[in-house]
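User: I would like to learn how to read a few features of a model. Please take them one at a time.

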Amino acid sequence: MLYNLVFRFIIPVYRTTRRVRKSFREMSERMQQQGSGNGTPTGPGVAEPQKKASPEDYIDFEEVK
């Protein structure tokens, strides 16, 4: 039972946590590199600035339990 706990739960959780942290770290580094670039990037892959949301953009919802 202890073997199953360690090898089927604890080790996979540990590995997944390491992967997620690594990917967040890489993404953060990429964002910092892009931020220190030359001004604002332009081109087909660049998103336009977001417009301010109007009240019609929001949808009321009810929480379902």
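User: Is Val13 buried, partly exposed or exposed, and why?

Analyst: The model is predicted. Val13 has a relative accessibility of 40%, so Val13 counts as partly exposed. Val13 is found in helix α1, which covers residues 2-35.

User: What share of the protein's residues counts as buried?

Analyst: Of its 65 residues, 0% count as buried. The protein exposes about 7400 Å², and carbon and sulfur atoms supply 56% of that area.

User: How many aromatic pairs does a search of the whole structure find?

Analyst: A pair of aromatic rings is described by the distance of the centres and the angle of the planes. The search finds 1 aromatic pair. Tyr3 and Phe7 form this pair, with 4.6 Å centre to centre and 40° between the planes, and the pair is tilted. Both residues lie in helix α1, 4 residues apart, or about one turn of the helix. Tyr3 counts as exposed, at 57% relative accessibility, whereas Phe7 is partly exposed at 47%.

User: What span does α1 reach from its first C-alpha to its last, and what is expected?

Analyst: The expected span uses 1.5 Å a residue. With 34 residues, α1 reaches 48 Å, close to the expected 50 Å. The protein has 1 helix and 0 strands.

User: Where in α1 does a kink lie?

Analyst: The kink lies at Ile10 and is about 30°. The proline Pro12 follows shortly after Ile10.

Notes:
Residues are numbered from 1 along each chain as its sequence is written. This is a predicted model: local features need pLDDT of at least 70, side-chain atom pairs count only at pLDDT 80 or more; totals for chains, interfaces and linings use all residues. Side-chain values use heavy atoms; hydrogens and water are left out. Helices (H or I, at least four residues) and strands (E, at least two) are DSSP runs, numbered from the N terminus. Buried means under 20% relative accessible area, exposed over 50%, partly exposed in between (1.4 Å probe, protein chains only). Accessible areas come from the Shrake-Rupley method with a 1.4 Å probe; for residues, only the protein chains shown count as cover. Rings of Phe, Tyr and Trp (its six-membered ring) pair if their centres lie within 6.5 Å; planes under 30 degrees apart count as stacked, over 60 as edge-to-face and the rest as tilted. The expected span of a helix is 1.5 Å times one less than its number of residues. The bend at a residue is the angle between axes fitted to the seven residues ending there and the seven starting there.
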